[in-house]
Amino acid sequence: MKRTSIGTLVLLAVIGALGGGFAETGLAAAGRPIILPPFTLSVALALIGGIVVWLAVPIRRLTKGKAKAPIDPFYATRVLMLAKACALSGALLAGLGAGIALYLLTRSVVPGVGSVGPAISTLVGAGLLLAAGLIAEHMCTIPPSDDDDGESGKKTVRVRP
């Protein structure tokens with residue numbers, strides 16, 4: 001599996017920002033209340049990011065050769081896929097928070113701190129989720145082998161069947 005590319009993350013952030021901005025504009029034009037994410041969303045996103053990094057720690061220990069017990073390969077695959085999903089969703093939600101904040105800050109009537117704060121906190125929480133996903137994805141990579149036998153550069157890791 002390839003690592004998450006910066007281009008994909010930027011594209012998702014732009015899609016999220018455009019979607020958030022257009023959704024807020026459409027809701028305001030229709031006379032409906034705009035969407036303001038709660039502060040608890042940013043806390044939840046940051047906690048999820050911390051959990052993903054915590055789940056990747058045993059895999060990192062194994063790849064560095066410091067673990068004595070083998071790890072289930074399905075566990076490692078699931079953690080890696082969760083880390084990639086966190087990085088992608090973090091980019092999308094960071095863009096959404098940026099789009100909402102940009103919409104609120106470009107209004108002719110200056111919004112109160114109570115309306116811009118949740119959008120900024122969503123942006124920060126999603127950025128933490130994005131960073132945690134990328135860190136966990138890096139922790140799950142296997143370093144190249146130091147063997148001189150000319151193999152493909154893959155390190156053999158003990159896994160439990």
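Trainee: What share of the contacts in the protein between residues at least 6 apart in sequence join residues at least 24 apart?

Mentor: In this predicted model, 80% of those contacts join residues at least 24 apart.

Trainee: Which elements does the protein contain?

Mentor: The protein has four helices and zero strands, and from the N terminus on the order is α-α-α-α.

Trainee: Why are H2 and H3 called roughly antiparallel?

Mentor: The axes of helix H2 (residues 39–63) and helix H3 (residues 73–105) cross at roughly 150°. Angles over 145 degrees count as roughly antiparallel, and H2 and H3 are therefore described in that way. Their axes come within 10 Å, and H2 passes H3 in a left-handed crossing.

Trainee: What makes up the contact of H2 with H3 by residue class?

Mentor: From H2, the residues include Leu-45, Ile-48, Val-52 and Pro-58, and among those they meet in H3 are Tyr-75, Val-79, Cys-86 and Leu-93. The contact of H2 with H3 divides into 14 nonpolar, no polar and no charged residues.

Trainee: Which residues make the contact of H1 with H3, and how do they divide by class?

Mentor: On the H1 side they include Leu-12, Gly-16, Gly-20 and Glu-24, and on the H3 side Leu-88, Leu-92, Gly-95 and Tyr-103 are among them. By class, the contact of H1 with H3 has 13 nonpolar, seven polar and one charged residues.

Trainee: Why does Cys-86 count as buried?

Mentor: Buried means under 20% relative accessible area. Cys-86 has 5% relative accessibility and therefore counts as buried. Cys-140, at 12%, also falls under the cut-off and so counts as buried. Buried residues make up 29% of the 161 residues in the protein.

Trainee: How many disulfides does the structure hold?

Mentor: The structure holds zero disulfides.

Trainee: How do you know whether Thr-40 is buried or exposed?

Mentor: Thr-40 lies in helix H2. The cut-off for exposed is over 50%, and Thr-40 has a relative accessible area of 58%, so Thr-40 is exposed. The C-alpha atoms of Thr-40 and Gly-125 are separated by 9.6 Å, while the two residues are 85 residues apart along the chain.

Technical notes
Residues are numbered from 1 along each chain as its sequence is written. This is a predicted model: local features need pLDDT of at least 70, side-chain atom pairs count only at pLDDT 80 or more; totals for chains, interfaces and linings use all residues. Side-chain values use heavy atoms; hydrogens and water are left out. Axes are lines fitted to C-alpha atoms, for helices over the stretch in contact, and angles run from 0 to 180 degrees between N-to-C directions. Helices (H or I, at least four residues) and strands (E, at least two) are DSSP runs, numbered from the N terminus. Angles under 35 degrees count as roughly parallel, over 145 as roughly antiparallel, 65 to 115 as roughly perpendicular and the rest as oblique. A crossing is left-handed if the near helix is turned anticlockwise from the far one by less than a right angle, and right-handed if clockwise. Contact means heavy atoms within 4.5 Å. Ala, Val, Leu, Ile, Met, Phe, Trp, Tyr, Cys and Pro count as nonpolar, Asp, Glu, Lys and Arg as charged, and the others, Gly among them, as polar. Buried means under 20% relative accessible area, exposed over 50%, partly exposed in between (1.4 Å probe, protein chains only). A disulfide is a pair of cysteine sulfur atoms within 2.5 Å.
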